Amino acid sequence: MRPALTLSTRRAKSSSCVLNQCEIETTRSFLTWATRTKLTKKPQLPALWFLIARSYSTATTAKKASPPPPPTTAAATKQQTLKKFHPRYMNKDMNLEDLLQYLPTSSLNSKEIFKTLRTALYNTTQHDPKKAWLIFESMVQYDVDKYLKSNNYGQLLSMMKYDDISHMMAILENMKKNPNQELTPDSYHLSQVLFALSKHGLVKEACDIIRFTTTNASKLNDKALLPTPNHFHSLAIALRNNHNRNSSTIEAVTKLMLEGMERETKLLQATFSVMLNLLSRHEQLKLQFIQSMDRIHSKNQNSNKVHPYNVYIYTSLISGFAVKGDSESAKRLFEEMRKHKIKPNEVTYGALMEAYSKAGDFTSAIRLLTVFRKKFNRVSNPMVTSLLINAIRQNNLLVAENTVKYITDKKLKPKNMDGRLRTALIWLQTKQNLDEAREKFDELYKLDQELVTSIMANHLVTGYGLKQDKENVIESYRLNSKIPTTTEQQLRSKHHLTNALFHCRDLPAALTVFISMRNQTIPDDITLAMVIQGLILNNENNLAWRLFKTLQSDGIEPNLHAYTSIIKLLGHRDSDLKKKPNESTLNPDLISAAGIRLPQLDYLDSSVPTTTEALSLFRHMTGFQKPNVYTYTTLISCFAKYNISRAINIFDHMCAKGVDPTVETYTAILQGCSIFRNSQAALRVFNHMCEKRIEPNAVTWRYLMKALLRSRVDKAQVDKIGLMAKESLEKNKSKVD
């Protein structure tokens, strides 16, 4: 019998529980057996197993007929399509066009359509901007874009930043119009848009976004919405990539950045480098920018540990002085950089080389090249190129030839040179021996067609033009047909051809080429100034005057070179009046096709005095452009023939503006002193010339001597100065030899 009471607390197992336990044990035993069977080694088949398995009969075995496929119904097809375009099964292999064709026929509601398109945006586009734009258009078409959230807009903008910028702006406008009131463009969205704008150089649009962001943050009183350092960096890149930037654009961008720094926005070091490079020609803006940099750095807690300028900022500052040819300031920055233990890189050395070379300090430039060679144990192509190009520009052929010898000694092969260096070598040869330069061009072309450029052909065209060799000018121009060129390069080649034909005194041919340029595009101010100079060169002074006035009447502001040519033309107007004017023999239709109108004008027939008209043009020009030393020298030369006092006043004004006079400037004033027999002014100007350490040439000495003799200065003093002139000229001659 079962006892009525037990001391155990365990419950008795029911029959079903016992059965379950047995089933578990049986299953466990089966799995153990199956695992062991699987791990055991399979028995080896006999070596000739295929002979045993092969049938001895040659009759073909009858194949079993496969069962027919189950009949498809409309419901089953719909179910398969629904499964195919279900968000769960979307991947990069899915055809987006099939999905967009399926949506109009589907029974999905708006929320489901949005989810389908949203998944397609993330899973099927593979960051393809065209696919992303199709999906966004479909969202707008089905009116489901209202469901887009901030992260969805961010994904769209991130994809679209490498495509058409108008699509990005459309997405941004859609975001602003979204019914969700809390949805506004944040820092990430604006970063994507500004990145795209910077890539295309759309600086005006980038400025508008920075202003909008600043205004919006002020209205909402939320500092988190203010432009970030990355936003300002994109703005700087947009300015750098804008090929039509002018002073007003640079000033607008700098103003926005200064306002940002006033709000304690710490710009990136890369932004400082880009901006300082762009502000190299704008001293006042650059000074304000550097002062703001220093102010922000001084407020930084770690300002004593980290120097505010890195190698890139120093390099940008040195490049700015290099553009101006201020080698002393560039050298001081370079020494300060090394004092703060900031190692200069190759670009820094290149910028300092440009400063030395542009200032004409070739001794320091060559010394720097030697230092770089010892430190880095290699030759710097950019440094050698800078030295060679500036030597050619300043007509210092001795330095240029020594540079070529240095390149030869280092055994630099043409393929190891950059394009600018190869072009500079051809340019030097065109000044020495044009035929050898042409042979060198052909040699490079045979070696590798990519080693020659259209600029090399343009140098040949210019060289033959100066020799008035029209046949070789045209033959050299035809070399461009062998070189792949862009439209801009073709226009530049036509520019050089026109200039060469002017020098060949073939005025109809030069104007014909110029007309073909006008038919292709609107000529730039450089080409227009060249045509004015060419007309004056060919004694078509009235046509040059008419073209200048035509440009002004059309609202086209001539450049500095055009103004200088016209002021120089006015300086010779009185001498032209004494000569018998020659009427133009050019075809009137050719003149009209060249854009030269206003036939009633005659620069010789004017009631306004020459000096008054020249000064009026100069004052008008200064409202648009900053005159250089050549413009000042031309104006001084014009006044020196009529009013020496006004000429000296213009000279003083030029020096006060920081424009350094050249030997030609002093010669022009001394010519006026000789005309008006003013020995005191002549000696004062000559002393100023000596203080500036500018070597007088033979013409300068001649006008100085003439001014003293015509002023009846003591003969002993004149002889003393004559002896100085003789020693100076002999010294200069020995240097050349």
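**Close-up views of a predicted model**

**View 1. Helices α35 and α36.** The axes of helix α35 (residues 663–675) and helix α36 (residues 679–691) come within 9 Å and cross at roughly 170°; axes are lines fitted to C-alpha atoms over the stretch in contact, with angles from 0 to 180 degrees between N-to-C directions. Helices are DSSP runs (H or I, at least four residues) numbered from the N terminus. The pair is therefore roughly antiparallel, a term for angles over 145 degrees. Contact (heavy atoms within 4.5 Å) involves V663, Y666, I669, L670 and C673 of α35 and A681, A682, V685, H688 and M689 of α36.

The model is predicted: local features need pLDDT of at least 70 and side-chain atom pairs pLDDT 80 or more, while totals for chains, interfaces and linings use all residues. Residues are numbered from 1 along each chain as its sequence is written, and side-chain values use heavy atoms, leaving out hydrogens and water.

**View 2. Helices α33 and α34.** Helix α33 (residues 629–640) and helix α34 (residues 644–656) have axes that come within 7 Å and cross at roughly 165°. This makes α33 roughly antiparallel to α34. Among the residues making the contact are Y632 and F639 of α33 and I650 and F651 of α34.

View 3. T550 lies in helix α28 (residues 541–553). Its relative accessibility is 1%, so T550 counts as buried (under 20% relative accessible area, 1.4 Å probe, protein chains only). A polar atom of the T550 side chain is 3.3 Å from the backbone nitrogen of R597. Apart from neighbours within four places in sequence, T550 is in contact with G595, I596, R597 and L598.

How values were computed: Helices (H or I, at least four residues) and strands (E, at least two) are DSSP runs, numbered from the N terminus. Buried means under 20% relative accessible area, exposed over 50%, partly exposed in between (1.4 Å probe, protein chains only). A polar contact is a pair of N or O atoms within 3.5 Å; within protein, one must be able to donate a hydrogen and the other to accept it, and residues adjacent in sequence count only if both atoms are side-chain atoms. Angles under 35 degrees count as roughly parallel, over 145 as roughly antiparallel, 65 to 115 as roughly perpendicular and the rest as oblique.
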